[in-house]
Amino acid sequence: MNKVTTREEVLDRIEKEGIEYIRIEFLDYTGVTRARTINKASVKSAMEDGVNFSAAIMDFTMFDTYVPNPLYGPNDGDFFAIPDPDTFVVLPHRRKTARMFCDLVDENGNPWEGCPRGVLKKLLKEAEEVLGGKLFMVYEQEAYLLKEENGSLVPADSSACFSSDGLDIQEEFTQKFIETMAKMGVETEQMSSEFGPGQVEINLKYDECLKATDDQVTFKQLFKHLARDMGMVGTLAPKPFNDLAGSGLHIHISLFDGAKNLFKDLNDERGLALSEKAYHFMGGILHHGKSLAAIGAPTMNSYKRMVPGSWAPAHVCYGAGNRSVLVRVLEPRRERRFEYRGADGTCNPYLLSAALIAAGLHGIQQRMDPGAPLEKDAGTLSDQELEALGIEWIPRNLKEALDHLSKDTVLADRIGRPIWQEFIKVKEEEWNKHFYRVDEWERKLYSELF
C-alpha cells in the first residue's frame, strides 16, 4: 500500500529542500501536459482551493487548435486543479522546482465531470469493490532517441536489438534517466536496446494502478526533458520512420488480495493457470478491443505501427507468450498476469487505464469468455482462417477506431459521456487536419506523375 502524503508533509518538504517553484500539472484528452508554475507561497492555497484553468483547454487538439462546436467554450468558466500531495516530487533535473499532478474539481469543489484522472480513481474504486482485490499495472514503453543531422531527425545511434553496444552508447542517458526516476519515486526493473537503432525500452516496476499510471506520465515527461537537455530528441511516437520498428506501449494487468493473485488458478483447464476472473476481464477487453484502439492508439501515426508481421497487434485476439495478439498472457513461469499490447506513447494514460478497467469490469459482470488462445502468428493467417477462428482486425486507421468508440455506449457511460464525447470530437478534428494535409512527398509524387 502506498504511503499517503499529507499537505503538511508537502509544505515541510518544500521548506527543507529549498523548493521555490511548483509545477501544477494535468493531462488533457490528447495526452498533452497542461500546467502552471506557482511559487511556494501559493502552494497551501492551491492544495486547499485549487488553481483555475479555463475548461475550454480540454477542447484543444494536439495541434493546439480549438475544436468546432466544443462542449467547453469561452463562456463555460473554469475548473480548478487540486494538487495531489501523493504526487509531490522534487524535479532533480530542474532548479529549485517540484511537481504535483492534479485532480480537477468544479466551482463547488466537486469532482469535475471532464477529469481523466478523476474518472480513473472512480472506476478503480468500483472495480476493486467488485473484484475483491487491488488492481496492479505497469506500463512498458518503447521510445527512440534521435539527433539532428543535415536538417533531419535520425536515430541517435546504429545499435542492434538487445545489443550490449546499444546500452554502452546510450549509457549516460539511460543511467541518468533511471537515477532521476528513482529520485522521483519511480523504480525501474530493466533497460534494453530495442529493435530499432536508437530505440530503447525502459521497464518500470509494477505498482497499484493509480501510481503506475502516474509513473507513466512521469516517464513521458522525463524522457523528453532529459533527451533535450543532452542535445537529443526523445520521442514516444509510435512510428517515426517508415523502415524501422515502431514504438509500442504494453500495459501489464494483475489483481491481488494481499499476497494472493486473484488472476491465478493452477487448475485452469486451458493450461494457462488463469482464473475465471482473469478470463472474463480479458473477455471484456477483447469485446471492446476496437473501441479501446481509439483511446490507446489515438493518432494517425498509431496505425502505421499496427500492421501484420510487425510484432505489433493487428487483430483482436489473445494468446500465451504470443506477441502478435492484442492481449498476451505471460509464460507460466512468470507471475499470472496479462499484457495489453494495443497502445502507444501518444495516449493519455489516465484515459487508457480507465478504459481498460471499464472494459474488464463489463467482461466480469457479463462473464465474457475470450475463447481459445491463439497459438499462431496472427499476421500469417488468411482472411478465411481469421474468419473461421472468429478473429477480427483492429481498426486500420484512427477514423475507423473513433467510429467504433462512438458506438460503444458501455465505455461512454463508464468513463462519462462528457469525456467520451469531447475525446471523440478532439480526435476527429485531429484526423481532419492530418488527413487533409499535403506534404512534400505527396506534392512531389503527384507533380511527377500527373
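Trainee: Which residues does E430 touch, leaving out those up to four places away in sequence?

Mentor: Contact here means heavy atoms within 4.5 Å. On that basis E430 touches T30, T61, M62, F63 and P298, not counting residues up to four places away in sequence. The model is predicted: local features need pLDDT of at least 70, side-chain atom pairs count only at pLDDT 80 or more, and totals for chains, interfaces and linings use all residues. Residues are numbered from 1 along each chain as its sequence is written, and side-chain values use heavy atoms, with hydrogens and water left out.

Trainee: Where is E430 placed, and is E430 buried or exposed?

Mentor: Helices (H or I, at least four residues) and strands (E, at least two) are DSSP runs, numbered from the N terminus. E430 belongs to helix α13 (residues 417-435). Buried means under 20% relative accessible area, exposed over 50%, and partly exposed in between, with a 1.4 Å probe and protein chains only. At 3% relative accessibility, E430 is buried.

Trainee: Which side chain has a polar contact with that of E430?

Mentor: A polar contact is a pair of N or O atoms within 3.5 Å; within protein, one must be able to donate a hydrogen and the other to accept it, and residues adjacent in sequence count only if both atoms are side-chain atoms. The side chain of E430 makes one of 2.9 Å with that of K427.

Trainee: How many salt bridges does the structure hold?

Mentor: A salt bridge is a side-chain nitrogen of Lys or Arg within 4 Å of a carboxyl oxygen of Asp or Glu. The structure holds 29. One of them pairs K16 with D12, with the closest N and O atoms 3.2 Å apart.

Trainee: How does the helix place K16 relative to D12?

Mentor: An α-helix has 3.6 residues a turn, so residues three or four places apart point the same way. K16 and D12 are four residues apart in helix α1 (residues 7-16), so about one helical turn separates them. K16 is exposed, at a relative accessible area of 67%, while D12 is partly exposed at 37%.

In helix α2 (residues 43-49), K44 and E48 are also four residues apart, about one turn of the helix. Their salt bridge has its closest N and O atoms 2.7 Å apart. K44 is partly exposed at 47% relative accessibility, and E48 is partly exposed at 39%.

Trainee: Which residues have the most contacts inside the largest nonpolar core?

Mentor: A nonpolar core is a set of buried Ala, Val, Leu, Ile, Met, Phe, Trp, Tyr and Cys residues joined through side-chain atoms within 4.5 Å. The largest has 97 residues, and those with the most contacts inside it are L135, I251, I253, I285, F338, Y340 and I357. Helix α9 (residues 349-366) supplies the largest share of this core, 11 residues. Leaving out residues up to four places away in sequence, the residues that I251 touches include M137, F338, Y340 and L352. A second, separate core has 21 residues, among them V89, F173, F177 and L226.

Trainee: What is said of phi at D64?

Mentor: Most residues other than glycine have a negative phi. D64 is not a glycine, yet has a positive phi of about 65°. D64 sits in the loop between β3 (51-54) and β4 (78-83) and is partly exposed at 48% relative accessibility. A273, also not a glycine, has a positive phi of about 60°. A273 is in the loop between β14 (260-261) and α7 (276-287) and is buried, with a relative accessible area of 14%.

Trainee: Why does helix α14 lie largely in the open?

Mentor: Of the 10 residues of α14 (residues 440-449), the number buried is zero, so the helix lies largely in the open. D439 caps its N-terminal end, with a side-chain oxygen 3.4 Å from the backbone nitrogen of W441.

Trainee: Which residues make the nonpolar surface patch?

Mentor: Patches are made of residues with over 30% relative accessible area and no salt bridge; nonpolar side chains (Val, Leu, Ile, Met, Phe, Trp, Tyr) are joined within 5 Å, and like charges within 9 Å. W441, L445, Y446, L449 and F450 make a patch of about 660 Å². Accessible areas come from the Shrake-Rupley method with a 1.4 Å probe; for residues, only the protein chains shown count as cover. F450 is in the segment after α14 and is exposed, with a relative accessible area of 77%.
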